[in-house]
Amino acid sequence: MTPISLGIWGPTGTTKSSIALSFPRPVVFDFDLRLGGVKPELRAGIVRLHEYPKPVKIPMSGETRGNQVKIKLEGYREMYDKFVQDFVKELKSSDSDSLVIDTGTQMREITNACYLQELQEMPSKPGEFRVQLQQYEYGTPNDRIQAIYQSGKLAGKNLVITHYEDDEY
């Protein structure tokens with residue numbers, strides 16, 4: 001059977017995760033812990049569940065840039081690195097046929113924040129502190145996500161990614 005890549009998009013509570021978990025022998029990468037993660041009644045057929053609680057954004061006391069409060073990111077790079085390590089391990093595993101990312105919306109946010117954290121940790125100028133990515137800087141996180149999207153099929157596994165509606169992607 002030829003593996004497929006599938007994106008499932010819709011509002012919260014529309015069975016996106018349930019559909020994704022109906023794929024054969026799924027391994028789940030759960031970034032969507034805001035609603036309590038994968039519901040217990042859906043866990044029965046899961047081969048493995050990797051959960052990634054969202055790190056904290058720490059406001060820098062009293063420091064602003066224009067009207068933006070400076071936010072120091074901690075834990076995003078480490079979480080992304082852990083996800084990539086887990087993902088590569090599961091690409092090589094023989095006891096699963098499907099990889100489920102729940103949600104791709106959160107994974108994208110974490111990938112972008114990881115890159116911003118990297119830039120915060122290595123400022124290009126002394127005293128520089130980054131509060132957001134510039135439009136031209138999204139190439140690096142986009143490349144990282146594209147590599148994840150392509151890897152499932154290359155490894156012979158289904159890749160199912162859920163996305164929820166969001167005003168700001």
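Colleague: Hi! How many aromatic pairs does the count come to?

Modeller: Hello! This is a predicted model, and the count comes to seven aromatic pairs. Take Phe-29 and Phe-83: their ring centres are 5.6 Å apart and the planes stand at 90°, so that pair is edge-to-face.

Colleague: What does the pair of Phe-31 and Phe-83 tie together?

Modeller: Phe-31 is in the loop between strand 2 and strand 3, while Phe-83 is in helix 2, so the pair ties together parts 52 residues apart in sequence. Phe-31 is buried too, because its relative accessibility is 4%.

Colleague: Which residues do ring pairs link into a cluster?

Modeller: The cluster holds Phe-29, Phe-31, Tyr-52, Tyr-80, Phe-83 and Phe-87.

Colleague: Switching to the sheet, what is the order of the strands?

Modeller: The sheet is open, with five strands in the order 1-7-6-2-3 and parallel pairing. Strand 1 (5-10) and strand 3 (48-51) are the edges, each pairing on one side only. From one strand to the next, the twist averages 15°.

Colleague: Which strands does helix 4 touch?

Modeller: Helix 4 (residues 139-154) packs on the sheet and touches strand 1, strand 6 and strand 7 (158-164). The directions of helix 4 and strand 7 make about 135°.

Colleague: How many bridges join strand 2 to strand 6?

Modeller: Five, between residues 26-30 and residues 98-102. Pro-26, for example, has Ser-98 as its bridge partner.

Colleague: Now charges. How many salt bridges does a search of the whole structure find?

Modeller: Eleven. One of them joins Arg-48 and Asp-95 at 2.7 Å, N to O. That pair links distant parts of the chain, with Arg-48 in strand 3 and Asp-95 in the loop between helix 2 and strand 6, 47 residues apart.

Colleague: What about Arg-130 and Glu-137, how do their side chains meet?

Modeller: In a salt bridge of 2.5 Å, N to O. Arg-130 counts as buried because its relative accessibility is 12%, and Glu-137 is buried at 10%.

Colleague: Last one: which residues are linked in a network of salt bridges?

Modeller: Arg-77, Glu-78, Asp-81 and Glu-121.

Definitions and conventions: Residues are numbered from 1 along each chain as its sequence is written. This is a predicted model: local features need pLDDT of at least 70, side-chain atom pairs count only at pLDDT 80 or more; totals for chains, interfaces and linings use all residues. Side-chain values use heavy atoms; hydrogens and water are left out. Two strands pair if DSSP finds at least two bridges between them. Helices (H or I, at least four residues) and strands (E, at least two) are DSSP runs, numbered from the N terminus. Axes are lines fitted to C-alpha atoms, for helices over the stretch in contact, and angles run from 0 to 180 degrees between N-to-C directions. Contact means heavy atoms within 4.5 Å. Rings of Phe, Tyr and Trp (its six-membered ring) pair if their centres lie within 6.5 Å; planes under 30 degrees apart count as stacked, over 60 as edge-to-face and the rest as tilted. Buried means under 20% relative accessible area, exposed over 50%, partly exposed in between (1.4 Å probe, protein chains only). A salt bridge is a side-chain nitrogen of Lys or Arg within 4 Å of a carboxyl oxygen of Asp or Glu.
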